[in-house]
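Some notes follow for a colleague who is opening this structure for the first time. Please read them with the model on screen.

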Amino acid sequence: MSFQWDDFSKHVLDGARLLAAQTVKDAVDQAGKDTETFLRDTREKLERWTRALAKGDLERDEFELLIAARRSNMKMHALQAAGVTQNSLERFRSGLISLLIDSAFDVVP
């Protein structure tokens, strides 16, 4: 089973824009930038975990725990600079965690 980073990251970025439209409304571009930064900064771990998931070396719940643990690495500087409220930031952050998990299962064959 193979995993393609480009497919995964595109899936996440596309989903993040939809999520941002629902949670941070006027800051969709900033949400996209923050998502790109997070993906870039955590790429090595995300790739390793998703490949392990594809090979069957990780169970779904293990994968979910690893992704959820990355929440503290989601700095969201662009959204904060845009003046997005803390509640909206948290809704976006929570949604992004779910999106990362769902995207992995969507792209892993």
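1. Buried residues account for 44% of the 109 residues in the protein. The model is a predicted one, and the points below should be read with that in mind.

2. On overall form, the protein has 5 helices and 0 strands. Read from the N terminus, the order of elements is α-α-α-α-α. Along the principal axes, the C-alpha atoms occupy a box of roughly 40 × 20 × 20 Å. The radius of gyration is 14 Å, and this agrees with a compact globule, because such a globule of 109 residues would have a value near 13 Å.

3. How much of the contact set joins residues at least 24 apart in sequence? Taking contacts between residues at least 6 apart, the share is 67%. D7 belongs to helix α1. Its relative accessibility is 47%, so D7 counts as partly exposed, given that exposed means over 50%.

4. The largest nonpolar core has 33 residues, and those touching the most other members are F8, L79, F92, L96 and L100. Two or more residues of this core come from each of α1 (5-23), α2, α3 (60-69) and α5 (86-107).

5. L79 deserves a separate look. Apart from its neighbours within four places in sequence, L79 is in contact with V24, A27, Q30, A31, D34, V84, L89 and F92. F92, in that list, is also one of the core members that touch the most others.

6. Is E47 buried or exposed? E47 sits in helix α2 (residues 28-55), and its relative accessibility is 16%. The limit for buried is under 20%, so E47 counts as buried at 16%. When neighbours within four places in sequence are set aside, the contacts of E47 are F3 and W5.

7. The largest pocket holds about 200 Å³ of space. Its lining consists of 14 residues, of which T37, F38, D41, N73 and K75 are the closest to the centre. Helix α2 supplies the largest share of this lining, with 8 residues. By class, the lining residues are 3 nonpolar, 4 polar and 7 charged.

8. Most residues other than glycine have a negative phi. K25, which is not a glycine, has a positive phi of about 45°. K25 is located in the loop between α1 and α2. Its relative accessible area is 52%, so K25 is exposed.

9. The second case is M76, a residue other than glycine whose phi is positive, near 55°. M76 is part of the loop between α3 and α4 (77-81). Which side of the burial limit does M76 fall on, buried or exposed? With a relative accessibility of 3%, M76 counts as buried.

Conventions
Residues are numbered from 1 along each chain as its sequence is written. This is a predicted model: local features need pLDDT of at least 70, side-chain atom pairs count only at pLDDT 80 or more; totals for chains, interfaces and linings use all residues. Side-chain values use heavy atoms; hydrogens and water are left out. Helices (H or I, at least four residues) and strands (E, at least two) are DSSP runs, numbered from the N terminus. Buried means under 20% relative accessible area, exposed over 50%, partly exposed in between (1.4 Å probe, protein chains only). Contact means heavy atoms within 4.5 Å. A nonpolar core is a set of buried Ala, Val, Leu, Ile, Met, Phe, Trp, Tyr and Cys residues joined through side-chain atoms within 4.5 Å. On a 1 Å grid over the protein atoms alone, a cavity is a set of points where a 1.4 Å probe fits but cannot get out, and a pocket is an open set with protein on both sides within 12 Å along at least five of seven lines; lining residues have an atom within 4 Å of a point. Grid points are joined across faces, edges and corners, and a volume is the space filled by probe spheres set on the points. Ala, Val, Leu, Ile, Met, Phe, Trp, Tyr, Cys and Pro count as nonpolar, Asp, Glu, Lys and Arg as charged, and the others, Gly among them, as polar. The radius of gyration is taken over C-alpha atoms; the globule rule is 2.2 Å times the number of residues to the power 0.38.
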